[in-house]
Amino acid sequence: MEQYLDAIGYLKKAVEIKPNEEIYYYLGVCYYSLGHFPEAINYLTKTLEASPDDAEAYSIIGTSYYLSGQSQLARENLNKARELFQKNNDYLKAKDIEEFLGTMK
C-alpha cells in the first residue's frame, strides 16, 4: 500500500509539470488499488477527455462504480469498455466484462 502512496506523490508532481492522460491513468489506477474509488473515477475521467477510446479506463471506472454501489453507472461504463475491447479485437477482455455484467443484479 505504501508503494501506491509513494507513486501517487510522484505522479502528482509529474502532472504539475506536464499534465497528460497517461499520468492521469496511473493516478486513477493507484487510487483504485487503494480503494479510493471517487478519486480513481476522477483521474480516469480526465484520461478519457484526452483518450476517449481507452477501454481500460472505462473498465476501471465501471468497476469503481460497481464497488461503490452505483450499478447503473457501472453498467454504462462497463458496456462502453466491452464495446471498445471488441472494436480493438481484444475479445478475451470483452468476454470477461460481458460475463461480469451477467452476474450483476
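Is Lys 93 buried, exposed or partly exposed? Lys 93 counts as partly exposed, at 35% relative accessibility. Here buried means under 20% relative accessible area, exposed over 50%, and partly exposed in between, with a 1.4 Å probe and protein chains only.

The model is predicted: local features need pLDDT of at least 70, side-chain atom pairs count only at pLDDT 80 or more, and totals for chains, interfaces and linings use all residues. Residues are numbered from 1 along each chain as its sequence is written, and side-chain values use heavy atoms, with hydrogens and water left out.

A search of the whole structure finds 4 salt bridges, each defined as a side-chain nitrogen of Lys or Arg within 4 Å of a carboxyl oxygen of Asp or Glu. One of them pairs Glu 56 with Lys 93, with the closest N and O atoms 2.4 Å apart. Glu 56 lies in helix H4 (residues 55-67) and Lys 93 in helix H6 (residues 91-103), so this pair ties together parts 37 residues apart in sequence. Helices (H or I, at least four residues) and strands (E, at least two) are DSSP runs, numbered from the N terminus. Glu 56 is partly exposed, at 27% relative accessible area.

Lys 93 also meets Asp 90 in a salt bridge, at 4.0 Å from N to O. Asp 90 is partly exposed, with a relative accessibility of 25%.

A further salt bridge links Glu 99 to Lys 95, the closest N and O atoms being 2.8 Å apart. These two residues are 4 apart in helix H6, a separation of about one helical turn. Both Glu 99, at 44%, and Lys 95, at 48%, are partly exposed. Shared partners join Glu 56, Asp 90 and Lys 93 into one salt-bridge network.

Helix packing was examined for H3 and H4. Helix H3 (residues 37-50) packs with H4 at an angle of about 155 degrees, and the axes are 9 Å apart. Axes are lines fitted to C-alpha atoms, for helices over the stretch in contact, and angles run from 0 to 180 degrees between N-to-C directions. H3 and H4 are therefore roughly antiparallel, a term for angles over 145 degrees.

In the contact (heavy atoms within 4.5 Å), H3 contributes residues including Phe 37, Ile 41, Leu 44 and Leu 48. Residues on the H4 side include Tyr 58, Ile 61 and Tyr 65. By class, the contact has 11 nonpolar, 3 polar and no charged residues. Nonpolar covers Ala, Val, Leu, Ile, Met, Phe, Trp, Tyr, Cys and Pro; charged covers Asp, Glu, Lys and Arg; the others, Gly among them, are polar.

Technical notes:
Parallel < 35°, antiparallel > 145°, perpendicular 65-115°, else oblique.
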